[in-house]
Amino acid sequence: MSEAKVALVTGANKGIGYEIARGLGLAGVTVLVGARDAERGSAAAEKLAAEGITATALELDVTDPVSVSAVAARIELAHGRLDILVNNAGILLERGQRPSTMPVEVLERTFAVNVYAVVRVTNALLPLLRRAPAGRIVNLSSGLGSLALTSDPDGPYAPFPLLAYNASKSALNSVTVSYANELRGTAIKVNAADPGYCATDLNGHAGPRTPAQGAAVGVRLATLPDDGPTAGFFSEDGPEPW
């Protein structure tokens, strides 16, 4: 069994996921680069390795139960445990439709990746996380999933009527709390991270923050000390309202 901590980051071949993998790797964590596209995952792992990071690409389609089970088996065989799981993979399919014109199919596809897949991956890897001395689960959420923030008509989130995406991140927040409550009292901590509005493929690189800036809160939550919080929703500036 490896002495270094082992982390799986889903959707880690680019954007915030890549920068979380990079941040963890620079902190001495062995990084497993989860990517749906094998070639892109390998390229990302090679790029990380060029910085002296121990990184391995794992082909992972979070929506495919067979793929998820195969990855869990590979991690068990290679490492015997998992210290950190970062559920970063996510999609945004809509582009400003009003809720009243939102096709239900878009909602279904969004939830399949942003919510259902998180549960699938977490459940498959939880036995390995239980073997770690201090497991950490970090779910990449968004301020757009905060009911408190988005319900403020004068707040910065009101102009973004992204029904499917916002609802999926609200659901992900609830998923986070559910796992945190189940695992409270164990060595595993579960939190949600709000990276802020970052320039990524998800939004056409429109955000004012860099992926590295957005990754900082995820790296911090993934490396929390034993007395750190659980069942929280955090941005770089601290706790946020659900």
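**Stop 1: the sheet edge**

Select β2, helix α2 (residues 38-49) and β3: together they make a right-handed β-α-β unit. Right-handed here says that, with the strands pointing away from the viewer, the path from the first strand over the helix to the second runs clockwise. Helices (H or I, at least four residues) and strands (E, at least two) are DSSP runs, numbered from the N terminus.

This is a predicted model, in which local features need pLDDT of at least 70 and side-chain atom pairs count only at pLDDT 80 or more, while totals for chains, interfaces and linings use all residues. Residues are numbered from 1 along each chain as its sequence is written, and side-chain values use heavy atoms, with hydrogens and water left out.

Within the unit, strand β2 (residues 30-35) pairs with strand β3 (residues 55-59) in the parallel sense, over 5 bridges. Two strands count as paired if DSSP finds at least two bridges between them. Pick Gly 34 to find Leu 58 of β3 opposite.

Now show the whole sheet. It is open and has 8 strands in the order β3-β2-β1-β4-β5-β6-β7-β8, with mixed pairing. β3 and β8 (238-239) are the edge strands, each pairing on one side only. α2 packs on this sheet, where it touches β2 and β3, and its direction makes about 170° with that of β3. Axes are lines fitted to C-alpha atoms, for helices over the stretch in contact, and angles run from 0 to 180 degrees between N-to-C directions.

**Stop 2**

Select α4 next. This helix lies across β1 (6-9), β4 (84-87) and β5 (136-140), and runs at about 175° to β4.

The axes of helix α4 (residues 104-130) and helix α6 (residues 163-183) come within 9 Å and cross at roughly 20°. The crossing is right-handed, meaning that the near helix is turned clockwise from the far one by less than a right angle. Among the residues that meet are Phe 111 and Val 115 in α4, and Tyr 165 and Leu 172 in α6. Contact means heavy atoms within 4.5 Å.

Which residues of α3 meet α4? They are Pro 65, Val 68, Ala 72, Ile 75 and Glu 76, and their partners in α4 are Arg 120, Val 121, Ala 124, Leu 125 and Leu 128. The axes of helix α3 (residues 65-79) and α4 come within 10 Å and cross at roughly 20°.

**Stop 2: α1 with α7**

Finally, select helix α1 (residues 15-26) and helix α7 (residues 211-222), which pack at an angle of about 50° with axes 8 Å apart. That makes α1 oblique to α7. Their crossing is right-handed. Contact residues include Ile 16 and Ile 20 of α1, and Gly 214 and Gly 218 of α7.

Conventions:
Parallel < 35°, antiparallel > 145°, perpendicular 65-115°, else oblique.
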